[in-house]
Amino acid sequence: MTIAPTHNYPSFRFSIAPMMEWSDRHCRYFWRLLTKNALLYTEMVTTGALLNNSDVERFLKFNSEEHPLALQLGGSNPDELARCAAMAQQWGYDEVNLNCGCPSDRVQEGKIGAVLMTEPELVAQCVSAMQAECDIPVTVKHRIGVDDQDEYNDLQRFVKVVSEAGCERFIVHARKAWLKGLSPKENRDIPPLNYERVVQLKQEHTALDIVINGGITTLSQCCALLSQLDGVMIGREAYHNPYLLAGVDVELYGSDNRPPITRDAALEQFVAYCRGQIAAGQKLHHMSRHILGLYAGEYGARTFRRYITERANQPGASADVLLDARDAMGRNDRVNQI
């Protein structure tokens with residue numbers, strides 16, 4: 001199903017999740033080549049990293065092409081989060097998001113992530129303090145439950161308390177989090193998905209924007225969910241199969257930019273970006289690792305990935321490695337065989 005290009009849809013209609021060690025500025029630039037409309041998120045940045053580090057550019061720098069762009073923060077101290085929200089606005093971010101969904105042991109110790117779902121009043125204080133220091137939207141990303149606190153009434157209470165503090169958009173990962181007994185990786189797969197609970201949340205809070213996350217891998221899934229919710233967020237699929245994003249603008253935002261950018265054109269534009277970054281001192285492998293899935297499902301995709309993996313981290317590697325990897329795929333040979 002393709003949406004007719006007559007609506008002015010909000011950016012959060014489709015977004016790409018914050019993913020540690022993946023959604024850095026190089027990765028986001030690449031994604032932006034494929035979709036002009038999707039809302040992008042940074043990796044989670046802790047308040048301590050911003051407030052106790054003289055090199056905040058390391059965490060906050062982004063390419064102007066990345067807009068619309070949200071900064072995700074990890075923290076639980078209202079004053080510290082307020083200061084960081086002000087920084088987000090000063091640096092030009094379009095949204096600041098509070099992480100209440102990460103289940104890792106490391107962030108639990110600092111009262112960051114999913115553990116905050118057990119303290120909705122504290123989250124409300126954080127949101128209120130953040131909103132007092134910035135004019136951009138303050139949003140919250142969370143789970144449908146945590147440990148034994150996983151009844152719908154628990155989720156309902158969390159959203160009610162936090163929304164009364166002024167939060168108008170909730171990004172809901174449709175799985176509960178087990179803080180003890182499951183690793184962060186297992187928490188992404190083992191707790192069952194419960195989309196119905198997120199839909200019920202929207203039905204009972206019609207004035208709020210409810211965005212769903214978790215297990216979404218196709219644009220047809222997105223379309224079905226958007227008939228009941230305000231937005232969809234995908235994560236790992238965007239990283240492993242990024243060309244999925246090339247259909248987002250037409251199918252989900254009603255753009256009349258047809259046809260979408262080709263894989264080859266996206267690669268060539270990213271090569272130009274890499275050349276500029278290398279000239280500024282960056283290493284190719286810091287950027288090339290994000291495009292390994294560009295030709296997923298295509299003839300020669302494995303060769304493309306292997307060629308880059310073996311060569312991009314060599315001293316002095318140039319962006320031409322990416323073009324050579326494409327040439328090594330042997331697609332012309334495949335066409336001739338057919």
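Strand β5 gives the most to the lining of the largest pocket, with three residues. Strands here are DSSP E runs of at least two residues and helices are H or I runs of at least four, numbered from the N terminus. This is a predicted model, where local features need pLDDT of at least 70 and side-chain atom pairs count only at pLDDT 80 or more, while totals for chains, interfaces and linings use all residues. Residues are numbered from 1 along each chain as its sequence is written, and side-chain values use heavy atoms, with hydrogens and water left out.

| Pocket | Volume | Top contributor to lining |
|---|---|---|
| Largest | About 810 Å³ | β5, three residues |

A pocket is an open set of points on a 1 Å grid over the protein atoms alone, where a 1.4 Å probe fits, with protein on both sides within 12 Å along at least five of seven lines; lining residues have an atom within 4 Å of a point. Volume is the space filled by probe spheres set on the points, which are joined across faces, edges and corners.

Strand β4 also gives two or more residues to the largest pocket's lining, and N97 is found in β4. N97 counts as buried because its relative accessibility is 0%, the cut-off being under 20% with a 1.4 Å probe and protein chains only (over 50% is exposed, in between partly exposed). N97 touches T139 and V140, among others, contact meaning heavy atoms within 4.5 Å.

Technical notes:
Lists of a residue's contacts leave out its neighbours within four places in sequence.
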